[in-house]
Amino acid sequence: MIDRESAFQLLESQKPEPHLLHHAMQTEAVMTELARHFGEDETLWSITGLLHDLDFPNTKETPEEHGKQSVELLKGKLPEIALNAILAHNSEYTGHDPTTKLDLALRCAETVTGLIATNALVRPNGMEGMKPKSLKKKMKDKAFAASVSRDRIKECEKLDLDLGQFFQLAIESITPIADSVGLAKRT
């Protein structure tokens, strides 16, 4: 399996916009924490999170290809379970339904980053002091981070995590990297 340094270099080689690189790093952080929570392989889960949108710079105009091109680029670098999760994270277009814990975790983890990042960007303190309660409130406001699928975030419940637990886990995983992903307190 590809190591983290090589995975990051591969990601950078696709020339993602800075916000996509930040999204990948945030997803990696949430997936690492989910793996810890569930006693799963942290390296596998984190690298799957980091590389889940590897092809996005090339497929943003063709959503039906998103995930499929990543799988082609990652064959031999990630195990089949990770490749399946990458396809399942875009199941609405790939037709590859999520069936494993890794599939479901990737779908809700990569989606929650949009809600968290948007929330951090409108808060003077960024990630600092963010609480699950504020994210729950933002979930109800359909105009806030309108492109973020609330239903996908709620897939955490299929993992036996309630929304509050999932938000707390996600906040705790992203806060330490806030500086490197543009979500730190503004000075």
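Good morning. A charge is said to sit over an aromatic ring if NZ of Lys or CZ of Arg is within 6 Å of the ring centre and within 35 degrees of the ring normal. In the structure before you, which is a predicted model, Lys138 and Phe144 provide such a case: the charged end of Lys138 sits over the ring of Phe144, 4.7 Å from its centre.

I turn next to the pairs of aromatic rings. A pair of this kind is described by the distance of the centres and the angle of the planes. The model has 2 aromatic pairs. One of them joins Phe38 and Trp45, with 6.4 Å from centre to centre and 50 degrees between the planes, and is classed as tilted. Phe38 and Trp45 are both buried.

On the H1 side, the contact is made by Arg4, Ala7, Phe8 and Leu11, and on the H3 side by Ile47, Leu50 and Leu51. Of these contact residues, 6 are nonpolar, none is polar and 1 is charged.

Finally, I come to H6, which spans residues 80–88. Which residues of H6 are buried? They are Ala82, Leu83, Ala85, Ile86, Leu87 and Ala88. These buried residues pack against four helices: H3 (42–51), H5 (68–74), H7 (91–94) and H8 (101–122). Thank you.

Definitions and conventions. Residues are numbered from 1 along each chain as its sequence is written. This is a predicted model: local features need pLDDT of at least 70, side-chain atom pairs count only at pLDDT 80 or more; totals for chains, interfaces and linings use all residues. Side-chain values use heavy atoms; hydrogens and water are left out. Buried means under 20% relative accessible area, exposed over 50%, partly exposed in between (1.4 Å probe, protein chains only). Helices (H or I, at least four residues) and strands (E, at least two) are DSSP runs, numbered from the N terminus. Contact means heavy atoms within 4.5 Å. Rings of Phe, Tyr and Trp (its six-membered ring) pair if their centres lie within 6.5 Å; planes under 30 degrees apart count as stacked, over 60 as edge-to-face and the rest as tilted. Ala, Val, Leu, Ile, Met, Phe, Trp, Tyr, Cys and Pro count as nonpolar, Asp, Glu, Lys and Arg as charged, and the others, Gly among them, as polar.
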